[in-house]
Amino acid sequence: MKTKFVAPTMLAVAAAVCWMAAPAAAQKSKGTIRFATSESLKLMDPYYFTHFEAAPIYRTVYENLVGWDSRGKRFVPQLAKSWSSPEPGVYDFELRDDVVFSNGDKFDADDVVYFLNWSVDPKVRIHNKPRYMFAKSAEKLGPYKVRIRVVRSTPKDLMDIAANTWEEDSKVHKTLGDNGESYGRNPIGTGPYRIATLESNKAIVIVPNEKFKESGLGREAARVKRLEAVFIPDQQVQIAQMITAGIDIMRDPTAD
């Protein structure tokens with residue numbers, strides 16, 4: 001009778017993973033979702049660290065002026081409650097006046113103007129710089145009103161704004177000077193979740209932002225009590241963790 005051969009190294013890995021995952025699964029509390037990341041997420045800042053595995057986290061921690069409803073195929077209010085275009089290439093945004101960052105600082109027009117003008121400043125070096133260069137400038141029209149001018153008006157202007165106007169706390173960011181990258185080690189956003197702990201070579205714990213105020217489609221409150229991004233660089237270990245309930249979600253598993 002033929003028997004299937006399993007490499008000893010794989011047996012050792014599987015045994016080790018089962019041993020590690022069993023207590024992890026047993027300790028998992030209700031309302032927690034654990035997902036694996038193949039890369040170490042060293043920063044949580046969309047301006048300085050644009051890895052695709054970090055993108056889903058950014059969407060829960062940070063917000064843009066405008067959101068995109070992929071189901072309804074339409075733009076929806078996010079930090080801006082309404083907008084208009086008085087002339088081609090010019091967009092005026094009325095901002096929400098009831099939004100605060102996770103640290104309690106008030107969100108207003110100063111944050112929008114600061115970050116847009118900062119992101120297009122030629123002296124500022126950030127990841128994917130060309131992504132932000134659709135914009136020419138931003139100006140404050142009132143405490144909760146801003147005007148954005150684009151370099152050249154195109155049909156995708158609002159999509160650029162929906163994807164690339166990440167709002168961080170300008171009051172904190174200004175104090176960092178040239179060390180702006182350090183913002184991502186202690187991230188502060190306005191989204192429904194906040195980063196509770198960030199250990200780049202271990203895990204990132206994401207919990208509901210107590211300061212968040214739900215405002216309808218585009219700004220829905222947190223539905224999960226706790227999210228954990230667990231750093232597992234080896235896909236075979238990720239699969240073993242899935243089988244033993246150590247994690248709930250993994251990306252791109254092999255067909256078999």
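Good morning. Strand β1 pairs with strand β10, residues 226-231, in the parallel sense, and the pairing runs over 6 bridges. Please bear in mind that this is a predicted model.

One of these bridges can be named: T37 has F231 of β10 as its bridge partner.

R34 lies in β1, which spans residues 32-37. Is R34 buried or exposed? R34 counts as buried because its relative accessibility is 11%, and the cut-off for buried is under 20%. Which side chain does R34 meet in a polar contact of 3.0 Å? The partner is the side chain of E228. There is also a relation across the sequence: R34 and V205 are 171 residues apart along the chain, while 9.3 Å separates their C-alpha atoms.

In soluble globular proteins, nonpolar side chains tend to be buried together. In this model, the largest nonpolar core has 52 residues, and I57, L65, F93 and L95 are those with the most contacts inside it. Helix α3, residues 109-120, gives the most to this core, contributing 8 residues.

To close, consider L95 in the largest core. Neighbours within four places in sequence aside, the residues in contact with L95 include L65, L79, A80, F107, V112, Y144 and V146. Among its other contacts are K81, D108 and K145. Thank you for your attention.

Definitions and conventions: Residues numbered from 1 in each chain as written. Predicted model: local features only at pLDDT ≥ 70, side-chain atom pairs only at ≥ 80, totals over all residues. Heavy atoms only, no water. Helix = DSSP H or I, 4+ residues; strand = E, 2+ residues; numbered from the N terminus. Buried < 20%, exposed > 50% of the residue type's maximum accessible area, 1.4 Å probe, protein only. Polar contact = N/O pair within 3.5 Å; in protein donor to acceptor, adjacent residues only side chain to side chain. Pairing = 2+ DSSP bridges. Core = buried A, V, L, I, M, F, W, Y, C linked by side-chain atoms within 4.5 Å. Contact = heavy atoms within 4.5 Å.
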